Amino acid sequence: MKILVPIKRVPDPATTIRVLPDGSGIATDNIKWVINPFDEIALEEALRIKERQGAGDVVLVSIGQQSWQEQLRTGLAMGADRAILVKAEQPVDTFAVARILAKIVADEKPELVIIGKQAIDDDSNQVGQILAELLGWPQATFASKIEIADGRCTVIREADGGLETVAFTLPAVITTDLRLNEPRYASLPGIMKARKKPLKEIAVDTLGLDLHPRVKIKAMKAPQKRQAGRKLSSVQELVQALHTEAKVI
Amino acid sequence: MTDFIRDLDFYQLDDWLSSEEKMTRDAVRRFVQREALPSIERHFANETFPLELVPEMARLGIFGANLKGYGCAGMNNIAYGLIMQELEACDSGLRSFASVQSALAMYAIYSSGTEEQKKRYLPEMAKGKLLGCFGLTEPDHGSDPGGMETRARKDGSHWVLNGTKRWITNGSIADLAIVWARVDEGITGFIVEKGTPGFSAADIHGKFSMRASITSELVLDEVRLGESHHLANARGLRAPLSCLTQARYGIAWGAVGAARTCFQCALEYAKSRKQFSRRLAGYQLVQRKLVDMLTEITKAQLICFRLGQLKDAGTMRPEQVSLAKRNNVNAALEIARMARDMLGANGIVNEYPVIRHMLNLETVNTYEGTYDVQTLILGRDITGESAFD
Ligand SMILES: Cc1cc2nc3c(=O)[nH]c(=O)nc-3n(C[C@H](O)[C@H](O)[C@H](O)COP(=O)(O)OP(=O)(O)OC[C@H]3O[C@@H](n4cnc5c(N)ncnc54)[C@H](O)[C@@H]3O)c2cc1C
């Protein structure tokens, strides 16, 4: 089975993020970049499906600059078969990303797209859903378990109130939640093999899509620093503070 | 700036790393965080080696990572160094295990073995199915291995070995021992498999250092071996010494990992612990210590990086490795002691990794040629006078 796994390059979750003084974005110098952790889970799941089925083709796709190759190579080192880099110098919003992916899906014809439920940089949680809509495919978001048999897919998804099981026929789009699996790390022989795996580059303007942004970032601000806690000496004082200051009781 | 400190890359050496080298480092770092760190204090306390990690280390491709062919990953030497650094950031014992398997046991076969021996042992050792140890040191011959008393004599088409090796890492858990012995022509090596009659290993207990690593004594009592177990291309002391060069190279990198862990722990502690009116990090004496640590780590990193380039270019001299081993391990030991001091009473408990690293580094300072033996090697190199005897 051919599985398409879109991956995004994001700052390492442990990186200290600094917002630029003019509020136009974050400072990107000295940042360590990684594969979006939810996408890494998506890749792990795709690899497991391939391993269980004994055959398959796991294709990575990224939409970004030349430097994004690094994350694609990491994905190839983990075990993906090949990668596509859609080169876009300008930032693209979620709708544009979904449209580009829909085009790649039309060309590649995968039976399944597995993608992170959100990217940890902007946390927008939209691409998978928009992509499924554009393709007219079934979707299962926030997957914590995926089973595939005879072209039919069963997904347990983490809904707000608990777990929900959905079943549908392929092709489909699945977005991954945190508990789906624990991604492997690349092995050294895998890293050596990745060198020789195909990585195709496509210039985004050759796709003939309207990608003008629907979303504009007007300003970016760092969250307010958390205030240090305060020790109270009695229950009375606590009740008083909850009532008059926090106003929760 | 904060990230330079977190990753301890003050001089942006990352910019010099290829993406493959970075991937290698990150993969091993993740392995360490996920698999090795959670149980390392327990193993250190119990004087056990985490054998359960061996299959995953093998899957990662750590064993013999810089050797070519025979199922080895074929990484370059910078990547190999980074592996050692990440392993030792966890524990010197974990790095020792990988060093002994790769740079000593596998390398001995790789460099001095016959084609048949290489095919028979190396792929299985890369897979972690066969574990190796390296028996050079004896009870009465440490810094002076040339004085070894273990002997091999010819008996028809066989060899017969007698002697004792001591302080042998992985000794009792190894499936095969590379044993160095004296013959009429000088010194040569043998592959002694576990279970060979007359061959036994007993662990050394009561260590205060390298407790998460097995250290054993090997006894050879009329051990009979065929020529197939003789490293026939190993002629003279140069053969084991060339293995030591490989291992010292990894140690020079590994020490940086141990130092990094100690520095990070001390920095975090100093930033959170308040005494008198402010946090420790706000006092000049404490800042001085942190700056000294960072400076020494940065210098050690630069030495490693350049040494790796020389090794990859095939122009590295053993003396250059001696300088790196001597400097970096000594710096790491000083940093560990300083960090221990900065943690006050908390510096002596296993809630923090510092005392464990400090104790381990005492061994690292001693083995594979002590600090002073490296000094003698360098002294001979720059003066042309040997001061060994
Ligand atoms: C935990 C552990 C694991 C080990 N693993 C292995 C292993 O796997 N395989 C192996 O073969 N060995 C191993 N060793 C042994 C190690 O390599 C030796 O301990 C080391 O070479 C030093 O030898 P020694 O202990 O006999 O000390 P000695 O040689 O007796 O040295 C004692 C002191 O005298 C100094 N000294 C010696 N000669 C001179 C001189 N000429 N001039 C000035 N000073 C001198 C030394 O620097 C040192 O300070 C291990 C040791 C330890 C502690």
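**Helix packing in chain B**

Mentor: Happy to! In α2(B), the residues Glu20(B), Glu21(B), Thr24(B), Arg25(B), Val28(B), Arg29(B), Val32(B), Ala36(B), Leu37(B) and Ile40(B) meet a set from α4(B), namely Ile78(B), Ala79(B), Leu82(B), Ile83(B), Glu86(B), Leu87(B), Ala89(B) and Cys90(B). Sorted by class, this contact of α2(B) with α4(B) holds 12 nonpolar, 1 polar and 5 charged residues. Please keep in mind that you are looking at a predicted model.

Now for the geometry of that pair. Helix α2 of chain B covers residues 19-46 and helix α4 of chain B covers residues 77-90; they pack at an angle of about 20°, and their axes are 9 Å apart. Because angles under 35 degrees count as roughly parallel, α2(B) is roughly parallel to α4(B). The crossing in which α2(B) passes α4(B) is right-handed.

Next, follow α4(B) to another partner. Helix α7 of chain B, residues 238-272, packs with α4(B) at an angle of about 40°, with 7 Å between their axes. That angle makes α4(B) oblique to α7(B). The crossing of α4(B) and α7(B) is right-handed. On the α4(B) side, the contact is made by Tyr80(B), Gly81(B), Met84(B), Gln85(B), Glu86(B), Leu87(B), Glu88(B) and Ala89(B). On the α7(B) side you will find Gly250(B), Trp253(B), Gly254(B), Ala255(B), Val256(B), Gly257(B), Ala258(B), Arg260(B) and Thr261(B). By class, the contact of α4(B) with α7(B) has 8 nonpolar, 6 polar and 3 charged residues. Glu86(B), Leu87(B) and Ala89(B) are in the contact with α2(B) and also in the contact with α7(B).

Ile251(B), Ala255(B), Ala258(B), Thr261(B), Cys262(B) and Cys265(B) of α7(B) meet Val354(B), His357(B), Asn360(B), Leu361(B) and Val364(B) of α10(B). This contact of α7(B) with α10(B) contains 8 nonpolar and 3 polar residues, and no charged ones. Ala255(B), Ala258(B) and Thr261(B) take part here, and they are also in the contact with α4(B).

Between them, 30 residues of domain 1 of chain B are in contact with 32 residues of domain 3 of chain B. On the domain 1 side, α2, α4 and α5 (92-112) of chain B are the elements that give two or more residues. That side divides into 16 nonpolar, 9 polar and 5 charged residues.

Finally, α10(B) leads us to the ligand. β1 (132-135), β3 (158-169), α10 (354-366) and α11 (371-383) of chain B each supply at least two residues of the shell around the ligand. Domain 2 and domain 3 of chain B each give this shell at least three residues. Of the 22 residues around the ligand, Leu136(B), Thr137(B), Gly142(B), Ser143(B) and Thr370(B) come nearest. By class, the shell has 11 nonpolar, 9 polar and 2 charged residues.

Note on methods: Residues numbered from 1 in each chain as written. Chains lettered and ligands numbered in written order. Predicted model: local features only at pLDDT ≥ 70, side-chain atom pairs only at ≥ 80, totals over all residues. Axes fitted to C-alpha atoms, helices over the stretch in contact; angles between N-to-C directions. Helix = DSSP H or I, 4+ residues; strand = E, 2+ residues; numbered from the N terminus. Parallel < 35°, antiparallel > 145°, perpendicular 65-115°, else oblique. Left-handed = near helix turned anticlockwise from the far one by under 90°. Contact = placed C-beta atoms within 7 Å. Nonpolar A, V, L, I, M, F, W, Y, C, P; charged D, E, K, R; others polar. Near = placed C-beta within 6 Å. Domains from an automatic or database assignment.
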